Amino acid sequence: MTKKHAYITTAIPYVNGVPHIGHALDYLLADVWARYQRQLGRVVRFQTGVDEHGNKIAAKAAEQGVTPQAYVDSMYGNFQTMIHALNVDTTDFIRTTDIKHKAAVQYIWLQLEKAGLLYKDTYEGWYCQGCESFITDKEAAENNGICPDHQTPYQRLSEENYYFKASAFTVPITQALESGKMKIVPDFRKKEFLELIKDGLQDVSVSRPAKNLAWGVPVPNDPSQVMYVWLDALSNYLTVLGYPNDPSWQDFWPADVQVVGKDILRFHAGIWPAMLLGLDLPLPKVLLVHGHITSGGVKMAKSLGNGIDPMEILRDYGVDAFRYYFLRYIPTQDDGDFTWERFEAAYNGELGNDLGNLVQRVIAMTLKYQAGVVGDLPPNRHDMGPYHEAMESFEFNRAIDEVWVMVRSLNQYIDRVKPWEVAKNRETDTDAEAHLAEILSTSAGTLLQIAELLAPFLPETSR
Ligand code: MSP
């Protein structure tokens with residue numbers, strides 16, 4: 001039996017820029033799942049939020065001549081605005097600068113320390129500020145000293161850090177992945193990750209010297225050190241539930257699904273489960289990994305000026321058009337592409353013609369021929385097994401495809417049976433009235449079923 005309580009989380013974006021369509025994708029995928037689970041009667045807790053610490057954000061604040069706190073205070077609202085505009089129905093929004101979060105992260109630190117999982121050491125190596133992560137010498141050499149994701153040179157850092165013994169958990173994490181106790185969806189990402197850790201997980205540096213302008217949560221009992229942004233950020237999935245003080249966190253942890261982009265899977269499949277095991281907590285059930293959205297086949301970047309502003313699409317086309325495109329044409333489990341041409345084709349052809357006109361036709365005929373009265377609805381005739389199977393296996397784009405099969409076949413049915421001709425025959429043919437009523441109630445019934453199936457995707461349209 002499935003549990004009554006359900007918990008889904010999204011990656012918390014850095015606030016060092018305005019939200020883009022990649023961030024929107026995290027939120028949308030989680031929203032579809034949350035709405036579907038609510039339809040099934042579950043009580044869903046749905047976390048979103050923002051990641052406000054780290055040197056990358058401190059650097060941005062310095063560039064603007066404001067304190068990091070003032071900077072993040074001016075930025076997080078953009079993300080809330082977007083979440084709201086996307087009609088993403090969340091229960092929680094966390095900022096990692098929240099006092100409660102910071103206190104809980106310090107508690108987590110102390111627990112890990114008590115368990116003997118933290119130690120101090122000197123580290124020398126390459127660091128990418130964009131990734132907020134150390135890079136192995138091998139990786140740095142392969143990339144000629146420049147981060148391929150951020151196009152900036154790696155920095156050479158030598159400093160005293162606390163380390164977290166992630167290596168102690170290689171075996172249980174590998175087993176959890178292999179047995180499916182903690183699933184990575186899609187499967188090919190699981191294989192990639194298992195390959196990455198086949199020689200074992202490495203211990204990770206989890207603090208930075210405070211003197212190096214680290215903007216983050218102070219390490220308890222050691223003012224010279226500030227916590228590494230990823231330790232702080234990953235903890236949000238627990239702290240947002242009220243961990244450790246509010247016992248209701250236990251109703252929701254372990255998470256049913258954690259939505260992350262492919263670039264941050266290694267943090268969520270490695271460090272995060274190690275932290276949880278160190279805290280003696282169960283692992284999340286599913287890590288749902290989406291790909292990246294490109295714009296006309298090209299990676300979006302500020303420097304290329306090809307970024308797509310989600311607010312522009314939302315303003316000009318409305319929220320359901322946005323949701324439709326990103327949930328159907330960006331495959332849930334892989335990379336996808338956005339172009340205005342394809343977006344408009346989907347908007348006009350599919351939402352406008354296929355669905356919009358269909359609804360209008362059925363309404364208009366029901367008004368004209370039956371004064372708006374729909375008789376008894378016939379039982380559902382469509383096998384929605386494939387839809388539910390797609391939803392259960394996190395192939396949301398395929399679930400929409402299934403609904404569209406129904407949309408198209410209802411259009412074909414109406415074109416074939418021609419209710420307008422049946423209506424004309426009513427004077428002469430005594431069966432025509434009943435036939436017409438049956439056609440219209442079949443159509444209305446199918447539309448209602450379509451509406452229900454589309455509700456997680458297009459809540460407004462479906463209503
Ligand atoms: N702050 C960290 C996440 C911490 S989670 C405890 C971070 N932030 S981010 O802003 O860089 O990315 C946030 C999310 O947006 C990630 O899931 C990332 O994969 C996603 N995307 C960023 N660019 C993207 C695309 N172009 N396409 C799709 N999603 C991408 O990493």
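This report describes the ligand site and the nonpolar cores of a predicted model.

**Ligand site**

The shell around the ligand holds 24 residues, of which Ile-12, Asp-26, Asp-51, Asp-263 and Ile-293 come nearest. By class, the shell divides into 12 nonpolar, 9 polar and 3 charged residues. Helix H1 (21–39), helix H8 (229–239) and strand E11 (257–261) each contribute at least two of the shell residues. H8 gives the largest share, 5 residues.

| Residue (backbone atom) | Ligand atom | Distance |
|---|---|---|
| Ile-12 | nitrogen | 2.8 Å |
| Tyr-14 | oxygen | 3.2 Å |
| Ile-293 | nitrogen | 2.8 Å |

On its own the ligand has 660 Å² of accessible area, and the protein covers 91% of this.

In soluble globular proteins, nonpolar side chains tend to be buried together. Here the largest nonpolar core has 146 residues, and Phe-164, Trp-253, Phe-326 and Phe-457 touch the most other members. Helix H1 supplies the largest share of this core, 11 residues; H1 also supplies at least two residues of the ligand shell.

Beyond its neighbours within four places in sequence, Trp-253 is in contact with Tyr-7, Tyr-237, Leu-238, Leu-241, Gln-258, Trp-272, Leu-276, Leu-281, Pro-282 and Pro-284.

Methods
Residues are numbered from 1 along each chain as its sequence is written. This is a predicted model: local features need pLDDT of at least 70, side-chain atom pairs count only at pLDDT 80 or more; totals for chains, interfaces and linings use all residues. Side-chain values use heavy atoms; hydrogens and water are left out. A residue is near a molecule or strand if one of its heavy atoms lies within 4 Å of it. A polar contact is a pair of N or O atoms within 3.5 Å; within protein, one must be able to donate a hydrogen and the other to accept it, and residues adjacent in sequence count only if both atoms are side-chain atoms. Accessible areas come from the Shrake-Rupley method with a 1.4 Å probe; for residues, only the protein chains shown count as cover. Helices (H or I, at least four residues) and strands (E, at least two) are DSSP runs, numbered from the N terminus. Ala, Val, Leu, Ile, Met, Phe, Trp, Tyr, Cys and Pro count as nonpolar, Asp, Glu, Lys and Arg as charged, and the others, Gly among them, as polar. A nonpolar core is a set of buried Ala, Val, Leu, Ile, Met, Phe, Trp, Tyr and Cys residues joined through side-chain atoms within 4.5 Å. Buried means under 20% relative accessible area, exposed over 50%, partly exposed in between (1.4 Å probe, protein chains only). Contact means heavy atoms within 4.5 Å.
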